[in-house]
Structure formats: structure tokens, C-alpha cells
Amino acid sequence: MSKYKCVIFDCDGVLVDSEPIAGQVLVDMANEYGANIDLNYALKNFKGNSMQECYAQVAELATQRLPDDFMPNFRERSFESFKRNIQPVEGVTEVVESLDIPFCVASSGPENKIRLNLELTGLLPHFEENIFSCFTIRKWKPDPAVFLWAADTMGFDPKECLVIEDSMSGVNAALNGGFDVFGFTAHDYHNELEGNATLTFNDMSQLLKLIG
């Protein structure tokens, strides 16, 4: 028997392999305004941050003032790229199809982005009613609010829930809320998660055994 009664998944980098796609769009747009960065820079410096934080970093790097529509334009261009390129994280479809306890998704992204990417990867039917976005409550990780909201709505105490995260801000959000958190390290570019998360794993196919 698992000690956990509910699993709360992050979305980007845990359920869907969206970060390189969004990162490349942001790089391309940032470079249009003189930022001179590449995808490697974006993955190392933007991963796990809110869009507002990423925008602030790009604005500092750019040699020209960013236009007022930079963020909505980024959303539009990234959504188009998701439609062409998005894939589920390898092994995660089997995990959610096999989980025998309730689960949900809690993400820093806006709900329309979460829904789009889950739909494109065939995962949406598993999460349809259980999607929690930081944008809805206007509080972002490492604030634990989105995880606390998800746990409460699902009907569980934080101690009964397990969070699956791939970024340090997400791990800290979970820990700040009193949750156990397993760190998915397949794209842990700074090797930060080990020693901070409750435990770490680098292959999604390991997760069921770890929960069990």
C-alpha cells in the first residue's frame, strides 16, 4: 500500500515535453530584440520560472525595448509551436493510465496552455476536471498556494499527497506547503533537485514503483 492518497503532477517537463519548445520560441523572440542567447541558456535560466520572471530577464538582456505585446505574442507563437511539436514525457502516459489513486495537475502555466498541451498529447481525458493553474489564483511557485488549492479541492491533506516536480521552484513550493515531492531529474540542468526533493528519479517508468 502506498502511503500517498493523491498525486499532484507539475505539467511542463513532467507530463509534457514543452520546455524546449517554449524555450526556443522565447530565444527567437528575445534575439529579435538583441538578447543574443541560445536554447541552452534558456533551459538553464528560465526553467521553472514564471513568465513574468522570464520576461524580466529577457528585458535586461535585450538591447532594444521589448514591445507591449511581447508576452501575448510569445503565447501565440509558442501555442503554434506546441501544435506542431509537443510530445508527452516518455513513459508518463503509462503512469497515469496505471495509477490507482486520484491525481491532478498543478502548473504555473495558464489553464488554456495546460489544456492545449494535455489535449495535444492525449493526456487531457485523465485530467479533465482536475487542472489547477497558478494564473487562476495569481500566486506562483515557490509559493505553495497552487498545491494547497489542488490538495484541498481533491479532498486530501498535504501529508497525504505526493507532488511530482522537475524544477527547484516547484520543489520548494511543495516543501513550503508541507508536501513530499519527488524530483524528476531528466532535465535537471543544474543538478539541484537531489538533496532538496524528498527523493529523485530520472526515468518516468520508475515512478509507479516509487509511489507503490
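A crossing of two helices is right-handed if the near helix is turned clockwise from the far one by less than a right angle. The views below come from a predicted model.

**View 1. Helices H3 and H4 cross with right-handed geometry.** H3 spans residues 51-61 and H4 spans residues 70-85. Their axes come within 11 Å and cross at roughly 115°. Angles of 65 to 115 degrees count as roughly perpendicular, so H3 and H4 are roughly perpendicular to each other. On the H3 side, the contact is made by Met51, Gln52, Tyr55 and Val58. On the H4 side, Phe70, Met71, Phe74 and Arg75 meet them. By class, this contact has six nonpolar residues, one polar and one charged.

View 2. H1 covers residues 19-32. The axes of H1 and H4 come within 9 Å, with a crossing of roughly 140°. H1 contributes Ile21, Ala22, Val25, Leu26, Asp28, Met29, Ala30 and Glu32. Facing them in H4 are Phe70, Asn73, Phe74, Arg77, Ser78, Ser81, Phe82 and Asn85. Nine nonpolar, four polar and three charged residues make up the contact of H1 with H4.

**View 3. The structure holds one cavity of 30 Å³ or more.** The volume of the largest cavity is about 460 Å³. Its lining is made of 31 residues. Nearest the centre of the cavity lie Asp12, Phe46, Gly48, Asn49 and Lys113. H1, H2, H3 and H4 are the elements that each give two or more residues to this lining. By class, the lining of the cavity divides into eleven nonpolar, eleven polar and nine charged residues.

**View 4. The largest pocket is lined by 16 residues.** The pocket has a volume of about 180 Å³. Lys47, Ser167, Met168, His190 and Glu192 lie nearest its centre. Two elements give two or more residues to the lining: helix H2 (39-45) and helix H10 (168-176). The largest share, three residues, comes from H2. The lining of the pocket holds four nonpolar, seven polar and five charged residues.

Technical notes. Residues are numbered from 1 along each chain as its sequence is written. This is a predicted model: local features need pLDDT of at least 70, side-chain atom pairs count only at pLDDT 80 or more; totals for chains, interfaces and linings use all residues. Side-chain values use heavy atoms; hydrogens and water are left out. On a 1 Å grid over the protein atoms alone, a cavity is a set of points where a 1.4 Å probe fits but cannot get out, and a pocket is an open set with protein on both sides within 12 Å along at least five of seven lines; lining residues have an atom within 4 Å of a point. Grid points are joined across faces, edges and corners, and a volume is the space filled by probe spheres set on the points. Helices (H or I, at least four residues) and strands (E, at least two) are DSSP runs, numbered from the N terminus. Ala, Val, Leu, Ile, Met, Phe, Trp, Tyr, Cys and Pro count as nonpolar, Asp, Glu, Lys and Arg as charged, and the others, Gly among them, as polar. Axes are lines fitted to C-alpha atoms, for helices over the stretch in contact, and angles run from 0 to 180 degrees between N-to-C directions. Contact means heavy atoms within 4.5 Å. Angles under 35 degrees count as roughly parallel, over 145 as roughly antiparallel, 65 to 115 as roughly perpendicular and the rest as oblique.
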